[in-house]
Number of protein chains: 2
Amino acid sequence: MQKVKRIKGGVCSAKGFRAAGVGAAIKYEGRNDVALIVADSPCPAAAVFTTNKVAAAPVVYDRAAIKGGRVQAILANSGCANACTGEQGLKDAGLSALIVAGELGIDPKHVLVASTGVIGRRLPVDRLTAGAKRAAKALGRTAAHGLAVAKAVMTTDTVSKEACATVVIGGKKVTVGGCAKGSGMIEPNMATMLGFITTDAAISPAMLRRALLLAINKSFNRLVVDGDESTNDSVFLLASGRAGNDEITRGGEGFDLFREALESVCVSLARQMAKDGEGATKFVTVTVKGAKSDADAARAARAVAKSPLAKTSWFGRDPNWGRVLAAVGYSGAEVSDMKAEVFYDGEWAFRRGEVADEAQLNRLAKVMQKDEFEVTVDLHLGKASSSIYTCDFSLDYVHINADYTT
Amino acid sequence: MQKVKRIKGGVCSAKGFRAAGVGAAIKYEGRNDVALIVADSPCPAAAVFTTNKVAAAPVVYDRAAIKGGRVQAILANSGCANACTGEQGLKDAGLSALIVAGELGIDPKHVLVASTGVIGRRLPVDRLTAGAKRAAKALGRTAAHGLAVAKAVMTTDTVSKEACATVVIGGKKVTVGGCAKGSGMIEPNMATMLGFITTDAAISPAMLRRALLLAINKSFNRLVVDGDESTNDSVFLLASGRAGNDEITRGGEGFDLFREALESVCVSLARQMAKDGEGATKFVTVTVKGAKSDADAARAARAVAKSPLAKTSWFGRDPNWGRVLAAVGYSGAEVSDMKAEVFYDGEWAFRRGEVADEAQLNRLAKVMQKDEFEVTVDLHLGKASSSIYTCDFSLDYVHINADYTT
């Protein structure tokens, strides 16, 4: 029996949250670029931030702010990353948090901020403030309000990304829902994106953090678009406690159920991000199995997912297993080309020195036409395995990133 | 006074070598794809090979063969890499060496082989043998013979690459000349390309090896095209001793002069390879200085040179220093965006929190139009520095690699 139920929804699906997305002309005209998520009262909160040593001002601000363990509001904007903006950037981040707090009549220390967009430009505080004020007035609890947040944080994303799941814990229905934005600078170890997740589970801050770290390791940390790692990326998780379940304060069945629901939301968002990778035409899962160690499996899968030569071959619909194996070879993982096998959606392309013949190449050609497939490398050296979600490298990737300007 | 003189030339410039390039229809019709370089007698030789754990059959073969320290001939082919071809690939490599030895009447243990091209296809030994026989008959000592080798080893290269230098050692003119092929799967730590270098210096095998390792660290190991590392790449250096200098058997002035000449040839070839990187429209030198350690400087420069986002910004003529600094940030190197500066050909784009104004952006726009420029990051944290040669990431890179088929 599947305990976790996936439903439609986003940051307004769980009880206890309001949200809004409005346009403030931060960079783009005629679209939403400011989002506000507000809990009815200060909540246990957890967040994970970029590991990039050049961290944006909002990340520096939030790292300090979240130490209190409770959050009531998150203000987010697209169009400007507020990164590499020095002391001024930090002041701007703090000022926008203060303004939100004033507008909502809440404690400023319960407000977080998130930014995404161009690096090195000062945050247009006036416009952001005007946007935040209008967002505060527009707050609501409907699915449309949640979707407005998903849309306001988009940059080069082509579609908005939401996911939601429910699970029954101790007889009470618990909901976990959220949204995320990609789509360039995507690389494992988080450091990758903005994600906003809310839940009505009653759970202690410590267990909330533990659940988030576990879920991220199975989802966003398994995602590669181009191997670049951003200065801004952050995943936030707020828990209102309104589901009425007994508070989860330690490991056990309740925690496991919550963790599964959260993981299913995070995995869905991560997959949506890979599919919407900049210029992507294909969603590819790279799995390395039979590795000598977990570290080897992860290293090898990541090297394949990041290889420009492998990624362009997928775009070209070419089952070029040689580039896949070459990437495994330089990843640092143990590999013997006398033992290794490479499959595309279960069709073998190379096995222990044997190369696909004409009939097999025809089968492979069919796989390569698909919008989604799995590349599997079986190293036959051990029992460890690892999977990475990624996409191909297309002409549009270059178009998008040659034109997206400083 | 410049002691090393750069002249035109290639593998036939040094005394004691003959060469030929012929067409054998290994993959392409109507072009040369088999090359042969032959010394008048067995020579001290050194070689450096890919660090990829999936090493091609010719690399495995040569690693064993060169242990004797002397080489008389190298057979090279393009169109087929003879990689991931199992035991059969090793037999094919050995067989082609045997055939060359028979044709030339020399000891088979003095013959090396090199292949480049598609991975996972068996070497077409019949055609290669026919080519080798014709090449043996076509051997000559002219510049045209050297150029024929440079042309026969090309794959997606758009131009042939040769370099030559002379230096006077103990009153005798010593010549070092060679050729190389790029141009995808180029990444530091060798593992990158085929290079063939000959010299008439009299030098012991041990000192020859030492000179080659030093030169490679200043040239081919500073080269990034796409960050992929090939299974086949090799640099060969043969020394005929015909210049008549006293044999170089230890460090000192003679060794230093030889090393400088060799380094100038290797640097020239490496720069030519970066310029001819697949689809490249710009040659870019990435320099990181003011780093806390040599390792930090190298890590940071490499991360920038490999970053798809930085590379596409160069193609788009965008001084997007934010992507440069973000790459430094995830490289693992120590960095503070409050201290760092980013320059394009000496024009600052970002300095310690300050961003280029309109006038400065105009100056930067001029730099970005150039075919060659240097991106410099000054971390202001220490004294270490490192440079990497690389190129931009263009629409043509994707075209070439989506179409180049297994």
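Predicted model: local features only at pLDDT ≥ 70, side-chain atom pairs only at ≥ 80, totals over all residues.

Residues are numbered from 1 along each chain as its sequence is written, and chains are lettered from A and ligands numbered from 1 in the order in which they are written.

I took helices (H or I, at least four residues) and strands (E, at least two) as DSSP runs, numbered from the N terminus. I called a residue buried if 20 or more other C-beta atoms, placed from the backbone, lie within 10 Å of its own.

I checked burial in α9(B), residues 321–330: 10 of the 10 residues are buried, so the helix is largely enclosed by the rest of the structure. Its cover includes β5 (111–118) of chain A, and from chain B α7 (294–306), α8, β11 (341–344), β12 (347–351) and β14 (372–378).

I then looked at α8(B), residues 308–315, where 8 of the 8 residues are buried, so this helix is also largely enclosed by the rest of the structure. Among them are B:K311 and B:W314. After α8(B) comes B:R317, with a positive phi near 60 degrees.

Last, I looked up B:F258. Leaving out residues up to four places away in sequence, B:F258 touches B:V167, B:I169, B:V174, B:A201, B:I203, B:A211 and B:I248; contact is C-beta atoms, placed from the backbone, within 7 Å.

Technical notes
Buried ≥ 20, exposed ≤ 12 C-beta atoms within 10 Å, placed from the backbone. Contact = placed C-beta atoms within 7 Å.
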